[in-house]
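Biologist: I would like to learn how to read a model of this kind, one feature at a time. Could you take me through it slowly, giving the general idea and then the case before us?

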Amino acid sequence: MELIGAAVLLISLVILCFEKRPISESMLRFMALITAAAIVGRLIFASIPNVQPATALVLLVAACVGPVSGTIVGMLVVVLTSLFLGSGPFVLFQIVAYTVISLLCVLPGMRTRWLLTIYGLAAGFFYGWISNLGFLIFTEFSREAFWTLLLTGGLFDLLHGVSNAVFIWFLYPIFLRILHSFDGNQGT
């Protein structure tokens, strides 16, 4: 129960940070556009386990716009796609996973294409490990269940990480052109 409380507190803090800072109307439109693209991408690729552009787009927003904005996009993607793909207690921990991987985008150099691509690979594993915490609630946090989840989910986490890296590598220049068109600079 403490884990659920901590997750709700973390999510609430991020939402408060987002609400307190000034943001332009054009940046809100940009975030809505990327959120919509991530939702459509997640739904289109839903039949391929853990291969989808949503996490890559969240990481691009987190690295290039800001980690709080990336987290908000991730929250919206998870909540809205759960309406189509199914919902459960794991949704809370998917939001926490997007929060953590987005907040790690404050690390130096994350705006570079190479480093963000490499981080996208690692983020696939981080996302899987954190979202697995939602399933551990039902197993009373046994070590056996935790290791079983890590081992059986390893291939899926690898697929997620590789797809993140591929999507980030190919979407990075397109993403920057769209971002700069919203902030007044025409392309890069």
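**Helices, core and cysteines**

Modeller: Let us begin with a contact between two helices: Ala-54, Val-58, Val-61 and Ala-62 of H3 meet Pro-67, Ser-69, Gly-70, Val-73, Gly-74 and Val-77 of H4. Please keep in mind throughout that this is a predicted model.

Biologist: At what angle do H3 and H4 cross, and how close do their axes come?

Modeller: The axes of H3 and H4 cross at roughly 155 degrees and come within 7 Å. Because an angle over 145 degrees counts as roughly antiparallel, H3 is roughly antiparallel to H4. The crossing in which H3 passes H4 is right-handed.

Biologist: What is the angle between H2 and H4?

Modeller: H2 and H4 pack at about 40 degrees, and their axes are 9 Å apart, which makes H2 oblique to H4. This crossing, too, is described as right-handed. Among the residues that make the contact are Met-31, Ile-34 and Ala-38 of H2, together with Ile-72, Leu-76 and Leu-80 of H4.

Biologist: How many residues of H3 are buried?

Modeller: Eleven of the eleven residues of H3 are buried, so this helix is largely enclosed by the rest of the structure. The buried residues of H3 include Thr-55, Leu-57, Leu-60 and Cys-64, and the helices against which the buried residues pack are H2, H4, H5, H6 and H7. After H3 comes Gly-66, which has a positive phi, near 160 degrees.

Biologist: What should I look for in a nonpolar core?

Modeller: In soluble globular proteins, nonpolar side chains tend to be buried together. Here the largest nonpolar core has 47 residues, and those that touch the most other members are Leu-59, Leu-116, Tyr-119 and Phe-175. Helices H1, H2, H3, H4, H5, H6 and H7 each give two or more residues to this core, and H3 gives the most, with ten residues.

Biologist: Is Asn-164 buried or exposed?

Modeller: Asn-164, which lies in helix H7, counts as buried because its relative accessibility is 0%, and the cut-off for buried is under 20%. Leaving aside residues up to four places away in sequence, Asn-164 touches Gln-52, Thr-55, Ala-56, Gly-120, Ala-123 and Gly-124. For another residue of helix H7, look at Ile-174, which counts as partly exposed at 47% relative accessibility.

Biologist: How many disulfides are there?

Modeller: To count one, two cysteine sulfur atoms must lie within 2.5 Å, and by this rule the count is zero. Cys-17 is in no disulfide, and the nearest cysteine sulfur to its own, that of Cys-105, is 16 Å away. Cys-105 is likewise in no disulfide, since the nearest cysteine sulfur, that of Cys-64, is 8.7 Å away and the rule asks for 2.5 Å.

Key:
Residues numbered from 1 in each chain as written. Predicted model: local features only at pLDDT ≥ 70, side-chain atom pairs only at ≥ 80, totals over all residues. Heavy atoms only, no water. Core = buried A, V, L, I, M, F, W, Y, C linked by side-chain atoms within 4.5 Å. Buried < 20%, exposed > 50% of the residue type's maximum accessible area, 1.4 Å probe, protein only. Helix = DSSP H or I, 4+ residues; strand = E, 2+ residues; numbered from the N terminus. Axes fitted to C-alpha atoms, helices over the stretch in contact; angles between N-to-C directions. Parallel < 35°, antiparallel > 145°, perpendicular 65-115°, else oblique. Left-handed = near helix turned anticlockwise from the far one by under 90°. Contact = heavy atoms within 4.5 Å.
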